[in-house]
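Open the model in your viewer and keep the selection tool at hand. We will go stop by stop.

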Amino acid sequence: MRLRNERRDGFIEFDFSLGDPDLWVELILPRPAFEAFCAAQRARSLGAAEGARIDAEQAKWRYGRHGPDE
């Protein structure tokens with residue numbers, strides 16, 4: 001699970017993957033449902049280093065080898 005945004009209206013925006021963090025779905029749930037979902041799925045938070053690696057890999061696919069400034 002990768003937390004994207006905690007909105008002021010109580011909704012949580014997050015990415016969720018099963019097995020491969022490079023493939024995910026974007027979800028939004030109210031906080032109580034988010035907490036229940038994460039507990040039921042035994043979700044763990046994606047670390048900063050892991051998230052940066054995924055972002056860099058996505059940039060290669062989207063923009064080429066060196067990113068959007070190339």
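The tour below moves from charged pairs to aromatic rings and then to an aspartate.

**Before you start**

This is a predicted model: local features need pLDDT of at least 70, side-chain atom pairs count only at pLDDT 80 or more, and totals for chains, interfaces and linings use all residues. Residues are numbered from 1 along each chain as its sequence is written, and side-chain values use heavy atoms, with hydrogens and water left out.

**Stop 1: Glu6 and Arg31**

Select Glu6 and Arg31. Their side chains form a salt bridge, with N to O at 2.5 Å. The term means a side-chain nitrogen of Lys or Arg within 4 Å of a carboxyl oxygen of Asp or Glu. The structure holds seven such bridges.

Why does the Glu6 and Arg31 pair tie together parts that are 25 residues apart in sequence? Glu6 belongs to strand 1 (residues 2-6), while Arg31 belongs to helix 1 (residues 31-41), so the bridge joins those two parts. Helices (H or I, at least four residues) and strands (E, at least two) are DSSP runs, numbered from the N terminus.

Now colour by accessibility. Buried means under 20% relative accessible area, exposed over 50%, and partly exposed in between (1.4 Å probe, protein chains only). Glu6 is partly exposed at 47%. Arg31 is partly exposed at 30%.

**Stop 2**

Glu35 is partly exposed, at 43% relative accessibility. Through shared partners, salt bridges join Glu6, Arg31 and Glu35 into one network.

**Stop 3: Glu13 and Arg7**

Move to Glu13 and Arg7. Here the side chains meet in a salt bridge at 3.5 Å, N to O. Is Glu13 buried or partly exposed? At 25% relative accessibility, Glu13 is partly exposed. Arg7 is partly exposed too, at 31%.

**Stop 4: the phenylalanines**

Show the aromatic rings. Rings of Phe, Tyr and Trp (its six-membered ring) pair if their centres lie within 6.5 Å; planes under 30 degrees apart count as stacked, over 60 as edge-to-face and the rest as tilted. The count comes to three aromatic pairs.

Select Phe14 and Phe34. The ring centres are 4.8 Å apart and the planes meet at 65°, so this pair is edge-to-face. Phe14 lies in strand 2 (residues 11-16) and Phe34 in helix 1, so the pair ties together parts 20 residues apart in sequence. Phe14 is buried at 1% relative accessibility. Phe34 is buried at 9%.

Next, select Phe16 and Phe37. Their ring centres are 4.9 Å apart with planes at 75°, so this pair is edge-to-face. It links distant parts of the chain, with Phe16 in strand 2 and Phe37 in helix 1, 21 residues apart. Phe16 is buried, at 11%. Phe37 is partly exposed, at 22%.

Ring pairs link Phe14, Phe16, Phe34 and Phe37 into a cluster.

**Stop 5: Asp15**

Finish on Asp15, in strand 2. Asp15 is buried, with a relative accessible area of 7%. Which side chain makes a polar contact with the side chain of Asp15? That of Arg4, at 2.7 Å. A polar contact is a pair of N or O atoms within 3.5 Å; within protein, one must be able to donate a hydrogen and the other to accept it, and residues adjacent in sequence count only if both atoms are side-chain atoms.

Show the residues around Asp15. Leaving out residues up to four places away in sequence, Asp15 touches Met1, Arg2, Arg4, Trp24, Val25 and Glu26. Contact here means heavy atoms within 4.5 Å.
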